[in-house]
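Please open the model in your viewer and keep the selection panel at hand. The stops below each begin with something to select, followed by what is found there.

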Amino acid sequence: MSEVNDEILKALMLDIAAIKAKVAPEVPIIDFSAEASEHIEALDSAGRSKTAECYRRSLHALADFLGEGSITLDSLQYPLLRSFLDALRQRVSESTARAYVADIRVLYNHVAGRHNIFQNPFKQL
């Protein structure tokens with residue numbers, strides 16, 4: 001009887017693991033910094049150097065804020081973005097702070113779109 005129960009338990013555990021994999025599949029780590037930088041370079045190559053420079057400046061400001069060279073896409077969540085905006089407001093004008101966040105939003109949408117990710121951590125900003 002114990003062997004039968006063990007087999008049933010194993011089968012249930014496999015079913016639970018399969019359900020978890022479907023409901024919450026493992027999300028690959030996406031290097032936002034690298035992909036955003038690639039997009040910026042593509043803009044620069046396409047003759048959109050002023051836009052590229054604005055995006056580059058905004059990405060650099062975010063990296064400085066985080067104190068990291070590499071930023072993952074999943075790290076860009078609302079609380080972090082709110083803190084970034086608040087920190088920017090201490091250093092630059094409101095319109096400049098909003099422009100930096102708007103640039104990061106554009107880069108985020110580009111990278112997320114390439115990976116079919118449809119969450120929007122910028123929605124409430």
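Select histidine 39 to begin: with a relative accessibility of 18%, this residue counts as buried, where buried means under 20% relative accessible area, exposed means over 50%, and partly exposed lies in between, with a 1.4 Å probe and protein chains only. Histidine 39 belongs to helix α2, helices being DSSP runs of H or I with at least four residues, and strands runs of E with at least two, numbered from the N terminus. Leaving aside residues up to four places away in sequence, histidine 39 touches Leu107 and His110, a contact being heavy atoms within 4.5 Å.

This is a predicted model, in which local features need pLDDT of at least 70 and side-chain atom pairs count only at pLDDT 80 or more, while totals for chains, interfaces and linings use all residues. Residues are numbered from 1 along each chain as its sequence is written, and side-chain values use heavy atoms, with hydrogens and water left out.

Next, select residues 94-114, which form helix α5; its 21 residues reach 30 Å from the first C-alpha to the last, close to the 30 Å expected at 1.5 Å a residue, the expected span being 1.5 Å times one less than the number of residues. Within that selection, highlight the buried residues Ala97, Tyr100, Val101, Asp103, Ile104, Leu107, Tyr108, Val111 and Ala112. They lie on the same side of α5, because they cover an arc of only 160° around the axis, taken from the directions from the helix axis to the C-beta atoms. An α-helix has 3.6 residues a turn, so residues three or four places apart point the same way.

Now move just past α5 to asparagine 116, which takes a positive phi of about 55°. Asparagine 120 is also in the segment after α5 and is partly exposed, with a relative accessible area of 41%. A polar atom of its side chain lies 3.0 Å from the backbone nitrogen of phenylalanine 122.

Of its 125 residues, 27% count as buried, and among contacts between residues at least 6 apart in sequence, 60% join residues at least 24 apart.

Conventions:
A polar contact is a pair of N or O atoms within 3.5 Å; within protein, one must be able to donate a hydrogen and the other to accept it, and residues adjacent in sequence count only if both atoms are side-chain atoms.
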